[in-house]
Amino acid sequence: MARAGHGHPRRWTILAVLVVALLVVVLDNTVLNVALRTIADPVLGIGASQAQLQWAINAYTLVFAGLLFAAGVLGDRYGRRRVLLAGLVLFGVASLVSAYAQTPAQLIGARALMGLGAAGIMPSTLAIISNVFDPIERGRAIGVWASAVGLGIAIGPVTGGTLLEYFWWGSVFLINVPIITVGVVLVLLLVPESRDPAPRRLDVAGVLLSVGGLLALVYGIIDGGERGFDRPSVWLATAVGVGLLAWFVWHERRTDQPSLDIRLFSDARFSAAIAAIGLAFFAGLGTLFFLTFYLQLVRGFSPLQAGLLMTPFAVAQLVFAPRSAAMVRRFGPRAVCTVGLSLVTIALAGYAFVGVTTPVALLLGLTFVQGMGMANVVPPSTESIMSSLPPQRAGVGSAVSNTFRQVGGALGVAVLGAVLSAVYRRGVSDALDGLSEPDRAEAAESISGAYGVAAAAGPEGARLLEAANQAFVAAMHWAAVGSAVVAAVGTAVVLVSLPRRANPHHDRPAVPAAEAEEVAPPPRVGRGVRRGLR
């Protein structure tokens, strides 16, 4: 374990290994976004429906978010390196299964396993950093670790597009396997074991209630969007989800060692900052989901071209996130976060004016503005979270922030995807006359299905494609308006509840800019983390 002024002799080499482990987790999600259109193709992919693609994203995100707290506790109890290795191995095996999945159900199951592996990787890497670096160097090390998030976001779309240009869709998952293999070997050779001598008890009931509630809620939303909200099963699933989450809150308020300390939300600054992050990712990730299909189907761009067109979002974050902390120190978290969410709102509203022939320059500008706004949401929100807590609770605040980010993104994909499905299905219905019942069902399910039916329909296919494109663009406009409203609500919450200036409980430096995405260690990852954040 690191001591002040010393640290592990191989600490920077160890950090490089941990960065690789984190990079593969972040890269996987951004690579997948570009591959969605290909996976939906019945010839080039596995014919996944839009609802199944939403589950391929959310199965990973929800399991990851639901088990993030538990993985930190397991690392404390049984060893951080051991949990990290288990997470890497599981992530690698699940990537291999995903690459060779033959059905959408197999892909969804494999993605859930990947989420389980990722939950073991993230808190373990931060806990190990805390143990091998002394307090003087620890902030810099965590900044380097966090920069891997921005790097993964930046190179993910282009990497996915390049792979799909030359290989089959499974290559976006298969690329993880050699990286994970090298990572496992290096962890075994270089990373020391560590654990908390007094670990906390695992809140099994809380984990089961939170994961079960989120899965039921998201299932009801996605199923309603795909087949209509007029069926009892949809409302039953939604009610079960809400009920389980309410039970989760009741349980967390009464247990002595909760996964999520509900009492934290009594502080308006903490609640507003968490809401800002959750709502921003709700709106942002839901928008990126429909942009993939717009670029590759309506506009006809290749996966590589689509990946390149989405890079302004990531580039803006890399450019502006490092400057955000300085802006917070000068103008305060309320002003910076309000401006950031306002930019996100403007960009999302702009998608409501994007049509079938909109100039590419406008698309590039909208994605850049959206990325610029997001770069100024997370740092000031995180600063408010940390300043509202005493130093010994900094890790807890960070983990809650990361969890709500994941959950917000998952719900955004589910809700905005449901809006997209419902409006598209209604808009394309008039163009389905004369098709066989199977073709009608396929074309009405998603724009990918309509393209598949049109390819085999001969001259009549052109009419169907035109109608499908118009219906999808109209649906995209509704989803964009919905996401803009969500971002605007976040702006109002921030404007009312975030402090004008930081008012920390303790004398500690402002959050470094490089920590914008994953600013501090998750909870219960060991005493070393808490000491390093004092």
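1. The accessible surface of the protein chain is about 20200 Å², and carbon and sulfur atoms hold 66% of that (Shrake-Rupley method, 1.4 Å probe). The model is predicted: local features need pLDDT of at least 70 and side-chain atom pairs pLDDT 80 or more, while totals for chains, interfaces and linings use all residues. Numbering starts from 1 along each chain as its sequence is written, and side-chain values use heavy atoms, without hydrogens and water.

2. Of the 534 residues, 61% count as buried (under 20% relative accessible area, 1.4 Å probe, protein chains only). The chain has 19 helices and zero strands (DSSP runs, H or I of at least four residues for helices, E of at least two for strands, numbered from the N terminus).

3. Among contacts with a separation of 6 or more, 84% join residues 24 or more positions apart (contact: heavy atoms within 4.5 Å).

4. H3 (residues 80-99) packs on H7 (residues 176-190) at about 160 degrees, axes 9 Å apart (axes are lines fitted to C-alpha atoms over the stretch in contact; angles run from 0 to 180 degrees between N-to-C directions). H3 is therefore roughly antiparallel to H7 (over 145 degrees). Their contact comprises 11 nonpolar, four polar and one charged residues (nonpolar: Ala, Val, Leu, Ile, Met, Phe, Trp, Tyr, Cys, Pro; charged: Asp, Glu, Lys, Arg; polar: the others, Gly among them).

5. H10 (residues 268-298) and H18 (residues 460-497) cross at roughly 165 degrees, with axes within 9 Å. This pair, too, is roughly antiparallel. The contact of H10 with H18 has 21 nonpolar, five polar and one charged residues.

Notes:
Parallel < 35°, antiparallel > 145°, perpendicular 65-115°, else oblique. Buried < 20%, exposed > 50% of the residue type's maximum accessible area, 1.4 Å probe, protein only.
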